[in-house]
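Please examine the model shown below together with the explanation that follows it. The text moves from helix packing to a metal site, then to backbone details and the chain as a whole.

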Amino acid sequence: MLVISNLLKQYGDLVAVDDISLRAEKGTVFGLLGPNGAGKSTMINCISGLLRPTSGSVSVGGFDIVDDPTDAKKLLGVVPQELALYEDLSAIDNLRYWGKAYGMRGEDLASRAKEVLGNIGLADRSKDLPKTFSGGMKRRLNFACGIMHRPHLILLDEPTAGVDPQSRQRLFDMVEAERRHGACILYTTHYMAEAEQLCDSLAIIDHGKLIAQGTVAELRAKLGARDVLQLSGAFPGDSSQQAIQKLVNNGLSDLELIAQEEQNITMTLSDASQHLPAIFAALAEVGGNVSETSLRRPNLETLFLLLTGKELRE
Ligand SMILES: Nc1ncnc2c1ncn2[C@@H]1O[C@H](COP(=O)(O)OP(=O)(O)OP(=O)(O)O)[C@@H](O)[C@H]1O
Ligand SMILES: [Mg+2]
């Protein structure tokens with residue numbers, strides 16, 4: 001449904017999307033994950049035809065978005081990161097507006113608008129203006145506008161930003177429903193947990209580059225069974241690193257130092273809890289002082305940490 005080939009987008013000297021290739025199939029949710037500024041919205045805007053790629057190509061259902069934009073755009077539904085609602089039109093009229101923009105008319109338009117309004121749990125607010133809605137309700141309506149015309153490829157740019165758990169679950173249900181109907185959904189988020197729950201396959205991007213791609217299971221497998229150990233405190237630079245290296249040489253062969261700063265050390269290793277005393281002792285020997293310890297089982301969040309050496313923060 002979506003084929004992206006060597007997509008490159010530059011803003012002046014800044015390379016926002018750096019040679020990314022990926023494909024997403026019908027009836028699946030494809031997650032595009034990355035921290036703020038990773039290049040997610042830029043990619044979405046290149047796919048939707050809002051931005052012209054510097055080089056590379058995007059094909060939607062076999063139609064090139066630059067060469068054949070009319071056919072490609074018919075298949076596309078876009079739910080932008082910024083709300084795109086008409087504040088002076090009622091909820092139902094917002095939906096009718098977007099349906100009409102895609103050529104829907106008459107009974108089909110009326111019944112579809114009612115249907116999606118029900119799906120987002122706003123049937124009883126049909127005649128109300130979006131300005132009387134909460135943030136989560138607006139998000140849901142924003143989503144519904146994007147899917148009015150039953151698009152085959154739905155681009156969702158951080159649809160859950162700032163919504164409460166209940167609205168979030170409703171959005172998830174709506175995504176699931178569209179997938180069941182055979183749509184392909186590109187789901188952009190910086191919440192790893194959402195991606196693990198929703199997505200069939202994922203691409204993780206950082207600074208415009210693709211740093212990992214695969215199914216959730218494939219990406220998990222990359223992590224193996226190692227734990228992530230984070231220590232906070234005070235750690236003298238080189239000597240702490242040498243102390244850790246000594247541990248590796250003396251038997252903790254799968255210990256990997258991910259990031260080391262004066263106040264934080266992050267490493268991965270198997271059975272970390274068993275090795276804590278040895279690690280503390282080695283650091284104490286070089287004058288290090290551990291004030292806080294956190295030990296985590298691996299998840300996609302830790303995969304990001306492993307690949308980039310930094311946390312995927314909001
Ligand atoms: N119109 C623009 N002109 C210049 N630089 C831009 C423009 N839009 C985005 N950028 C830059 O491109 C990079 C990627 O931005 P983008 O909005 O695609 O990131 P994002 O992954 O969507 O981030 P967020 O999670 O914050 O929405 C950033 O460094 C950003 O500053
Ligand atoms: Mg964005």
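Helix α9 (residues 237-249) and helix α10 (residues 272-285) pack at an angle of about 140°, with their axes 9 Å apart. The axes are lines fitted to C-alpha atoms, for helices over the stretch in contact, and angles run from 0 to 180 degrees between N-to-C directions. This angle makes α9 oblique to α10; angles under 35 degrees count as roughly parallel, over 145 as roughly antiparallel, 65 to 115 as roughly perpendicular and the rest as oblique. The crossing of these two helices is right-handed, a crossing being left-handed if the near helix is turned anticlockwise from the far one by less than a right angle, and right-handed if clockwise. Helices (H or I, at least four residues) and strands (E, at least two) are DSSP runs, numbered from the N terminus.

In this packing, S240, A243, I244, K246 and L247 of α9 meet A278, I279, A282, L283 and E285 of α10, where contact means heavy atoms within 4.5 Å. Sorted by class, the contact holds seven nonpolar, one polar and two charged residues. Here Ala, Val, Leu, Ile, Met, Phe, Trp, Tyr, Cys and Pro count as nonpolar, Asp, Glu, Lys and Arg as charged, and the others, Gly among them, as polar. G237, also in α9, is partly exposed, with a relative accessible area of 38%; buried means under 20% relative accessible area, exposed over 50%, and partly exposed in between (1.4 Å probe, protein chains only).

The model is predicted: local features need pLDDT of at least 70, side-chain atom pairs count only at pLDDT 80 or more, and totals for chains, interfaces and linings use all residues. Residues are numbered from 1 along each chain as its sequence is written, chains are lettered from A and ligands numbered from 1 in the order in which they are written, and side-chain values use heavy atoms, with hydrogens and water left out.

On the α3 side, A91, N94, L95 and W98 meet L141, A144 and C145 of α5. The residues of this contact comprise six nonpolar, one polar and no charged.

Which residues coordinate the magnesium ion (ligand 2)? The donors are S41 (OG) and Q81 (OE1), at 2.0 to 2.2 Å; donors are N, O and S atoms within 2.8 Å of the metal (3.2 Å for Na, K and Ca), and water is not among the atoms, so sites may look incomplete. S41 lies in helix α1 (residues 40-47) and Q81 in the loop between β6 (76-79) and α3 (91-101), so the pair ties together parts that are 40 residues apart in sequence. S41 is partly exposed at 23% relative accessible area, and Q81 is partly exposed at 29%.

Most residues other than glycine have a negative phi. D19, in strand β2 (residues 14-24), has a positive phi near 60° and is partly exposed at 45%. R150 has a positive phi near 50°; this residue sits in the loop between α5 and β7 (153-157).

Overall, the protein chain has 11 helices and 14 strands, and buried residues make up 47% of its 314 residues.
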